Amino acid sequence: MAYRIEAQDVLQTLAPVLGTRFVRGTGLDEQAAHVLRGYQPRREPFDRLVARLKDCVFACVYAQLGSAMLLQLEDGRVRRIMLADVEYMADLLSGLALLALPSGEITMEQLRQMAMCGGSLGAMHALYRRYGDSLPDMELQTIARILRENGVIA
């Protein structure tokens, strides 16, 4: 990996959906970071990592919230966590693995394919962060807008 994925990275990624109190209090930040650090791209297909992340997130959320999947956020709002939310969070977390890969492990074109054709916001975020300086201005602006609209960047 190009850089080590820490629990803080996971916390920042999941906080907009689950809040910091839940992510930190349940240990989901550490669990997901452990799954991400265990990814070996030459031995495991990327979609298998995403599946493991979904399992990790779902297991933690279900164990804490039960079948109702109702979470009270720090601001007092109550939110029902849906399976689509689990998929969304796993996708965003997978972007951390893409960011952590050494430069020779993933190309700009591979990230583009995953982001634009596969619809992965995690891959789009990795593309934006890793290769933003190399992207045409119009593409960079479009990606930034999509990431802002989906709460991935501020």
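Trainee: A salt bridge here is a side-chain nitrogen of Lys or Arg within 4 Å of a carboxyl oxygen of Asp or Glu. How many salt bridges does this rule give?

Mentor: The count comes to eight. This is a predicted model, in which local features need pLDDT of at least 70 and side-chain atom pairs count only at pLDDT 80 or more, while totals for chains, interfaces and linings use all residues. Residues are numbered from 1 along each chain as its sequence is written, and side-chain values use heavy atoms, with hydrogens and water left out.

Trainee: Which residue does Arg42 pair with in a salt bridge?

Mentor: Its partner is Glu105, with N to O at 2.6 Å. Arg42 sits in the loop between α3 and α4, and Glu105 in the loop between α5 (83-100) and α6 (108-117), so the pair ties together parts that are 63 residues apart in sequence. Helices are DSSP runs of H or I with at least four residues, strands are runs of E with at least two, and both are numbered from the N terminus.

Trainee: Is Arg42 buried or exposed?

Mentor: Arg42 counts as exposed because its relative accessibility is 74%. Glu105 has a relative accessible area of 24%, so it is partly exposed. The cut-offs are under 20% for buried and over 50% for exposed, with partly exposed in between (1.4 Å probe, protein chains only).

Trainee: What about Glu44, where is it?

Mentor: Glu44 is in the loop between α3 (28-37) and α4 (46-65). It counts as buried because its relative accessibility is 13%.

Trainee: And what does the Glu44 side chain make a polar contact with?

Mentor: The side chain of Arg52, at 2.8 Å. A polar contact is a pair of N or O atoms within 3.5 Å; within protein, one must be able to donate a hydrogen and the other to accept it, and residues adjacent in sequence count only if both atoms are side-chain atoms. Arg52 and Glu44 also meet in a salt bridge. Arg52 is partly exposed, with a relative accessible area of 23%.

Trainee: What else is Glu44 in contact with?

Mentor: Leaving aside neighbours within four places in sequence, Glu44 is in contact (heavy atoms within 4.5 Å) with Tyr39, Leu49 and Arg52.

Trainee: Switching to α8. Where do Arg145 and Glu149 lie?

Mentor: Both are in helix α8 (residues 137-149), four residues apart, about one turn of the helix. Arg145 is partly exposed at 39% relative accessibility, whereas Glu149 is exposed with a relative accessible area of 56%. Elsewhere, salt bridges that share partners join Glu109, Arg112 and Glu139 into one network.

Trainee: Now α7. How many of its 11 residues are buried?

Mentor: Eight, so helix α7 (residues 121-131) is mostly covered. The buried ones include Leu121, Met124, His125 and Tyr131. Their cover includes α5, α6 and α8.

Trainee: What caps the N-terminal end of α7?

Mentor: Ser120 does, with a side-chain oxygen 3.4 Å from the backbone nitrogen of Gly122.

Trainee: Last one. Which residues form a nonpolar patch on the surface?

Mentor: Phe58, Tyr62 and Leu83, with about 300 Å² of accessible area together. Patch residues have over 30% relative accessible area and no salt bridge; like charges are joined within 9 Å, and nonpolar side chains (Val, Leu, Ile, Met, Phe, Trp, Tyr) within 5 Å. Areas come from the Shrake-Rupley method with a 1.4 Å probe, and for residues only the protein chains shown count as cover. Tyr62 is in helix α4 and is partly exposed, with a relative accessible area of 40%.
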